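Here is a short report on a two-chain protein model.

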Amino acid sequence: MEYHLQVVSENAIIVEFGKEITETTLQDIQSVTSSIENHSFPWIVEFVPAFTTITIYFDPFKIWQLAPDSKQLPSQYALEQLELFLSTIQTIKISEPRKITIPVCYGGELGPDLEFVAKHNNISTDKVINIHANGEYIVYMVGFAPGFPYLGGLSEKIFTPRKKTPRLLIPEGSVGIAGGQTGVYPIDSPGGWQIIGQTPLKLFRPDQQIPSLLKMGDRIHFMPISLKDFSNWEAD
Amino acid sequence: MMLTILKPGLFTSVQDLGRYGFQKYGVITSGAMDQIAHRIANILVGNSENAPTLEITMIGPKLKFNQDSLISICGGKADPKIDGVSIKCWRPVLVKQGSVLEFGPISIGCRAYLAIAGGFNIPIVLNSKSTYFRAKLGGFKGRALKAGDQIPFDTPSELSYRLIGNLTNTWTQKPYHEANWLINSSIVPSYREHPSIRVIKGRQFDLFNQESQVSIFEKPFSISPQSDRMGYRLLGPRLSLTEQHEMISEAVHFGTIQVPADGNPIILLADRQTTGGYPKIGQIAAVDLPLIAQAKPGTKVRFIEVTLAQAQRLFLQRERMISDLKQGIQSRFR
């Protein structure tokens with residue numbers, strides 16, 4: 001496993017796993033994050049994985065209290081401990097990534113930009129739906145909004161630039177395309193994505209201790225459903 | 001036990017020290033912008049440092065205490081008055097049932113924190129009572145306060161009762177009673193109209209061109225009106241990279257100074273998103289975060305370079321002072 005550690009503030013260290021977004025990097029990051037979760041260092045507050053990095057937030061005052069007379073700075077202690085810990089971790093190939101199906105009612109009022117995406121790419125709206133729903137997507141990161149997945153794997157055939165004028169309100173559950181990215185808005189939000197449909201699933205669950213439906217490494221499939229099924233969808 | 005909001009002020013909300021443990025799910029930290037003022041206000045009324053306070057912005061609220069309460073107001077110069085009479089900040093004050101607290105506009109700084117012994121009895125959402133505005137969660141109903149809101153308190157701690165007892169012994173006819181002791185003024189951050197802010201070089205500092213590397217530490221920047229709890233947009237010399245560089249999103253922190261394509265730096269603050277894809281030129285030293293939290297639009301700031309080691313030492317120095325303050329109060333009011 002290749003990585004590099006850097007102290008970036010009084011309470012944060014970033015671990016970088018390379019300069020490119022690849023499946024190997026994803027697996028390295030997942031191996032490390034699950035190891036950190038299982039180990040529970042008392043001075044680690046939390047960690048934030050992202051594409052090619054993990055940022056680890058620690059409590060420098062807690063570290064200082066372990067040895068108040070030490071000349072070593074808390075960040076040096078944290079760096080040493082993390083270097084040591086990382087050297088013991090081996091990349092585990094995640095053989096069974098979680099597969100999640102996201103039901104989507106495409107087009108109509110729920111997908112006001114479906115026609116634009118079709119026109120922009122010189123294909124029919126049915127073809128857009130077909131291509132989007134047949135794609136296999138990987139969650140590379142959760143961020144930007146609570147529960148929002150950064151998905152890799154959108155087909156070039158339906159790449160569409162963001163709207164010139166963003167909408168003031170995009171409803172929760174909206175499925176969209178922006179450039180070469182696709183994703184789902186987990187909460188009401190302003191935004192410039194091209195909205196092609198909506199899912200009745202809740203991607204953000206604030207009442208649960210794991211408030212995001214999706215996690216880094218998950219494999220996603222979109223499944224077309226009718227407006228009737230969308231309206232009748234039972235919350236799970 | 002309740003607090004009634006008669007007038008909400010410009011932008012008042014419930015904040016604690018923030019929501020931690022869920023950033024990997026895209027859940028932002030929120031929390032008090034000036035964490036030192038928030039913590040000291042809580043310590044002075046015998047609360048835990050993380051108890052929720054009211055974060056008051058620019059123009060404070062008008063509120064009524066439905067029972068005797070021990071309060072403290074810390075932060076910018078907020079000019080609080082109980083039933084029309086000025087009370088002091090940065091100390092505990094016992095106020096009588098029925099008294100009305102009002103604020104003049106904040107004249108130095110822009111945020112103040114009202115701590116009440118016991119904190120607020122409001123739901124904990126994802127381990128915190130901070131308001132997450134964008135998700136409409138946490139705090140008091142996930143929003144800023146409005147006229148007519150009634151916020152219930154929790155039971156004060158043993159220490160709070162001892163502080164109350166101490167002040168009750170010498171109470172007079174006035175609707176309030178201030179403690180006659182002060183905290184060590186060196187704990188209070190040096191709030192200034194045009195502050196100098198200590199900054200560590202950012203992770204992508206070396207990607208910026210020579211001129212930008214010099215400008216960031218030599219020229220003044222002013223805080224634009226496009227500034228809020230999410231971030232402050234700065235105006236001043238435009239900063240540029242040596243060459244175009246497509247950055248991969250990574251975590252950002254409270255006090256990160258990032259530079260988008262237009263060259264105008266943004267300081268990321270309490271309501272920042274968890275990750276960002278713009279190059280980082282600097283990271284504000286933790287010890288000076290309160291100074292930036294108290295800077296309002298129009299303020300000129302200068303950045304002074306410090307090393308990570310210096311920043312840590314300054315941070316630990318202040319933490320030790322706060323720890324001493326807590327212990328001092330605990331032993332004095334045993």
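How many residue pairs are in polar contact across the interface of chain A and chain B? The rule finds eleven, with both residues of each pair at pLDDT 80 or more. That confidence value belongs here, as this is a predicted model.

**The interface**

Chain A brings 46 residues to the contact, and chain B brings 40 residues. Together they bury about 3600 Å². Carbon and sulfur atoms give 62% of that area. Three residues stand out on the chain A side. Glu10(A), Glu46(A) and Phe61(A) supply 18% of the area that chain A buries against chain B, more than any other three residues.

Charge pairing between the chains comes down to one salt bridge. Its partners are Glu16(A) and Arg203(B). Their closest N and O atoms are 2.6 Å apart.

Which elements of chain A build the side that touches chain B? Strands β1 (4-9), β2 (12-16), β3 (44-50), β4 (53-58) and β6 (137-142) each supply at least two residues, as do helices α2 (60-66) and α3 (74-86). β3(A) gives the most, with six residues. By class, this side of chain A has 27 nonpolar, twelve polar and seven charged residues.

**The barrel in chain B**

Chain B holds a closed barrel of seven strands. The order is β13-β20-β17-β18-β15-β14-β21, and the pairing is mixed. On average, neighbouring strands of this sheet are turned by 40° against each other, direction ignored.

Helix α3 (residues 210-218) of chain B packs on the sheet. This helix touches β13 (196-201), β14 (221-227), β20 (280-284) and β21 (300-305) of chain B. The direction of the helix makes about 115° with that of β21(B).

Strand β21(B) shows both senses of pairing. With β13(B) the pairing is parallel, over four bridges. Here Ile197(B) has Phe303(B) as its bridge partner in β21(B). With β14(B) the pairing is antiparallel, over two bridges. There Ser222(B) has Lys300(B) as its bridge partner in β21(B).

**The open sheet in chain B**

Chain B also has an open sheet of six strands, in the order β7-β6-β9-β4-β1-β11. The pairing is antiparallel. Its edge strands are β7 (85-86) and β11 (150-152), each of which pairs on one side only. Within the sheet, Lys64(B) has Val100(B) as its bridge partner in β9(B).

| Strand pair | Sense | Bridges |
|---|---|---|
| β13(B) and β21(B) | parallel | four bridges |
| β14(B) and β21(B) | antiparallel | two bridges |
| β17(B), residues 256-258, and β18(B), residues 266-268 | antiparallel | two bridges |
| β4(B), residues 62-65, and β9(B), residues 100-103 | antiparallel | two bridges |

**A salt bridge inside chain A**

Over all chains, the whole structure has 20 salt bridges. One of them joins the side chains of Arg219(A) and Glu23(A), at 3.1 Å from N to O. Why does this pair tie together parts that are 196 residues apart in sequence? Because Arg219(A) lies in strand β13 (residues 219-224) of chain A, while Glu23(A) lies in helix α1 (residues 23-39) of chain A.

Notes:
Residues are numbered from 1 along each chain as its sequence is written. Chains are lettered from A and ligands numbered from 1 in the order in which they are written. This is a predicted model: local features need pLDDT of at least 70, side-chain atom pairs count only at pLDDT 80 or more; totals for chains, interfaces and linings use all residues. Side-chain values use heavy atoms; hydrogens and water are left out. Contact means heavy atoms within 4.5 Å. Buried area is the accessible area (1.4 Å probe) that two parts lose on being put together, summed over both. A salt bridge is a side-chain nitrogen of Lys or Arg within 4 Å of a carboxyl oxygen of Asp or Glu. A polar contact is a pair of N or O atoms within 3.5 Å; within protein, one must be able to donate a hydrogen and the other to accept it, and residues adjacent in sequence count only if both atoms are side-chain atoms. Ala, Val, Leu, Ile, Met, Phe, Trp, Tyr, Cys and Pro count as nonpolar, Asp, Glu, Lys and Arg as charged, and the others, Gly among them, as polar. Two strands pair if DSSP finds at least two bridges between them. Axes are lines fitted to C-alpha atoms, for helices over the stretch in contact, and angles run from 0 to 180 degrees between N-to-C directions.
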